[in-house]
Amino acid sequence: MADTGFSTVKKVLGDTENSVLNNMIQLADKLVDVGKAVPFIAPAFVILKIIIDIEKKAREADEKCQDLMERINFMVSHVLILEKIEVMDTLKTVLQRVQDALKEAASLIEAYRKQGKIARRLKMSNTQNFESMAGKISTCSSDLMMSLQIQQTGDLSVLKRAVPRDVVAEDFIKDNGGQEAINNNPELVKEFATKVHLVMTDQVMDQMQSNMQDLMAQNQHQIEVLIRESSSTNVAETIKAVATQQREWEAERKLTCVQCNKEYNVSLNGPQACGFHSAVGNYDRYHCCGKTSPCQKGYHQPEHHSKYPYSNFFPWSYGLLGFSDTVEYWANIKEIDLKEEDSVQIARVGQLIRWRTWGELVVMPLMLINIGHVQDDLSHYLEIFDVASLEDERRNVLRTGNTRIFRNAPDTETNAFSMGDWVLDQDTQQITGIKLTTKVASSKTPTVCVVPFDPKELKMQSGKSLEYLSRGEWSIYKPDKPYEFPKTVQLGPVLSETRLREPRTFRTKSSPKLPLVLIPTAEMVANNSVMTARNDVDRFLGLWRGLNKAPLSSQTQVIILSAKAEYRLVGEDKYKPVGYFGLRANVQFPLTIGPSEAIDIPFEFLVDKPERAKIRSHTAINYAHLTIQHPLRVRITFTDIDGETVSLVQEYVHSVNGVVTRHEKEDIGYFFVDDVDLSQRTTVTIKESTSPKKYFLGILAGLGMTNKVTEMDLHKFAYKAERTGVTEVDMKLGESNLGLDWTIWALVDLSCRRVYGFKVLLYHGSMTPVRECATLGYAPCPLYGGEGLESRPIQYAEE
């Protein structure tokens, strides 16, 4: 696997350091120091110098050579202990066999490197020779550890693993008559070269027919001559110089660690060098330990990785995964457990577009793979590959035979897991795809998806698409006929959604001797000021104009000394005195009106609220409690200085205020209860989403926030109904706030495995003095699940 998310970029930028070769250089350097105390092992570091020179001259890394060098490094690393022990005769015998194995390995590598790429691949004797050499090194290593009395508790996989095989070449040889037929048929060799994109040269057939054992014997003889003629001192000095140069180069390299944000020297990096936290934190405290100082130790890391959790990884990963403009996903599987709310399995792969949202576009082709939900307490994998690191991954797969990328749970866990595997082309042995698998506990089968991609371009293969081998998603069906619902039941008084009617007008009634006409200039208003509104009375304000009809020549004045006001509600027989009547705006009695003149008469009066409203001690603004159900008429009678009277009746009709919402055509469901005393309406509405990609339905109660319901939520309700047998599922969205209670249920059709409707109940809570209003209604659920669903007979929920 690629160790880090950015290792690919580092390689592209030119860091071609061969870690196996560098490790051999360091081992040879240390072996020189051992040789000062144990001179007879000098040939060993001479042979290592030969191998180092061969590999330094090689133009490209080779899997077989790399594998053999790793085995050599493992064996030689145990020789270093000789500096601290006394060498017995039996140990000398084992060390001689070690040197003989080194000579044979060096001669094999040299002979193999002299072949071209085509001959290397088509000569099966190469694989046999490397396998034989691996066996000899394994035997020598075991004998050496036993002689040195080393109790090996480390990783022996380097000795136990299989030598890399070229399956493509082996299959080609098998299909075309065997090794002898290939060696003597240039056309077949050319056909193979074309298949694996190599160039056929004149030397290839000579190399195919050459004897590998003879070449190895010649090389071994030359190595023995070189050992006899070479000065161990000169070789040691050369090795020292190479190792020193490498250490100096590493010492000069300064990198910044992504785990602790500190700069470090490569040469000083060690298992205790870096201090970090394994979880995210709030302010200066971290979830992993609850402290500020680092709680974990390890190597400094120059690039982000998912080998183990560290706090800086999570904001970095969110920058990649949390936005829509950073990755172009080829496959993005997200399965949510319908039983456990927070359990989710994720597997996705795609092309990295940006390192961060709104950032510059990535120039080189990069592939992002994420398996498992990235969270500090969950197992997850997030890596980024370029062409070079994908090739490294291919070689690793061919060497180990293991195509598994990552699994976020043990193999024994079969209920819930996310997993990724490489897909190899059997002919070319190239990685040509990735198989993603997710499974949650509520699904009977896993979702398995094969994503084909071009390993050279790191993009989806042209003309190919995702292939789903199975789907573990919740299966739903289409109803074979429309659902029918009961009518809404509404109990209690209901506020009018429109004004009762327009106010009626009345004429002035006046004594014959009083030439005064009263005219309302505007409709009356009620409780128009928060400062003056009260919870025991309703306050009404009006403005009339009084006109003296007497001709100007008559010089008849009208002098009003007093007034009284009475009221009644429409439907009542008799007028009753108001609680208070008075003039406003600094207008006072007596009012004097000259002939053919008019004056404004602003007034106000107070009327007791209904007893129910008084009990609730509610202040009305811009409406009157008394007039919610019935218009009010006020009759004001003015008396002049001679005792003559004039009166006028004006009507006040309640207007609908903004609190009374109305049914809109977009509403799938509209349910309400009214509080007539307060002129308030509380509603529950169900609407289709205006953002279908984010949620499916919106359920809004009163003036609260919209409850967003997704298709996944509907699947959860259906799953719960199927599991429990209760098909009327409480959606847990209702409230019980004492003033108003409401509940909503999802109605599940077990036959079609879907929510087909909603049942809503609203009623006055215990704090309402008179609990007289309730509503029970139904709303259909729009069809969901896409096109092409199989039809099934409907089955209504049991309520």
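Ser647 makes contact with Arg507, Thr508, Lys509, Leu518, Arg635, Ile636 and Thr637, leaving aside residues up to four places away in sequence. The model is a predicted one. Ser647 sits in strand β29, which covers residues 645-652. Is Ser647 buried or exposed? Its relative accessible area is 13%, and buried means under 20%, so Ser647 is buried.

Phe130 belongs to helix α7. With a relative accessibility of 2%, Phe130 is also counted as buried. Its contacts, not counting residues up to four places away in sequence, are Lys64, Cys65, Leu68, Leu108, Tyr112 and Val163. Phe130 and Tyr567 are 437 residues apart along the chain. Their C-alpha atoms are separated by 114 Å.

| Residue | Element | Relative accessible area |
|---|---|---|
| Ser647 | strand β29 | 13% |
| Phe130 | helix α7 | 2% |

Next comes the nonpolar core. In soluble globular proteins, nonpolar side chains tend to be buried together. The largest nonpolar core in this model has 53 residues. Which of them touch the most other members? They are Leu31, Leu68, Ile72 and Leu102. Two or more residues each come from α2 (19-37), α3 (42-57), α4 (63-77), α5 (89-113), α7 (124-147) and α13 (212-229). Helix α5 gives the largest share, twelve residues.

Leu102 shows contacts of one core member in detail. Leu102 touches Ala44, Ile47, Leu48, Ile72, Met75 and Val76, again leaving out residues up to four places away in sequence. Another core lies apart from the largest one. That core holds 32 residues, including Ile476, Ala701, Ala721 and Tyr784.

How do α5 and α7 pack? Their axes come within 10 Å and cross at roughly 160°. Angles over 145 degrees count as roughly antiparallel, so α5 and α7 are roughly antiparallel to each other. The crossing of α5 past α7 is left-handed.

On the α5 side, the contact is made by Leu91, Val94, Leu95, Arg97, Val98, Ala101, Glu104, Ala105, Leu108 and Tyr112. On the α7 side, the residues are Asn126, Asn129, Phe130, Met133, Lys136, Cys140, Asp143, Leu144 and Ser147. How many of these contact residues are nonpolar, polar and charged? Twelve are nonpolar, three are polar and four are charged. Phe130 is one of the α7 residues in this contact. Leu108 and Tyr112 are among the α5 residues there, and Phe130 touches both.

Technical notes. Residues numbered from 1 in each chain as written. Predicted model: local features only at pLDDT ≥ 70, side-chain atom pairs only at ≥ 80, totals over all residues. Heavy atoms only, no water. Core = buried A, V, L, I, M, F, W, Y, C linked by side-chain atoms within 4.5 Å. Buried < 20%, exposed > 50% of the residue type's maximum accessible area, 1.4 Å probe, protein only. Helix = DSSP H or I, 4+ residues; strand = E, 2+ residues; numbered from the N terminus. Contact = heavy atoms within 4.5 Å. Axes fitted to C-alpha atoms, helices over the stretch in contact; angles between N-to-C directions. Parallel < 35°, antiparallel > 145°, perpendicular 65-115°, else oblique. Left-handed = near helix turned anticlockwise from the far one by under 90°. Nonpolar A, V, L, I, M, F, W, Y, C, P; charged D, E, K, R; others polar.
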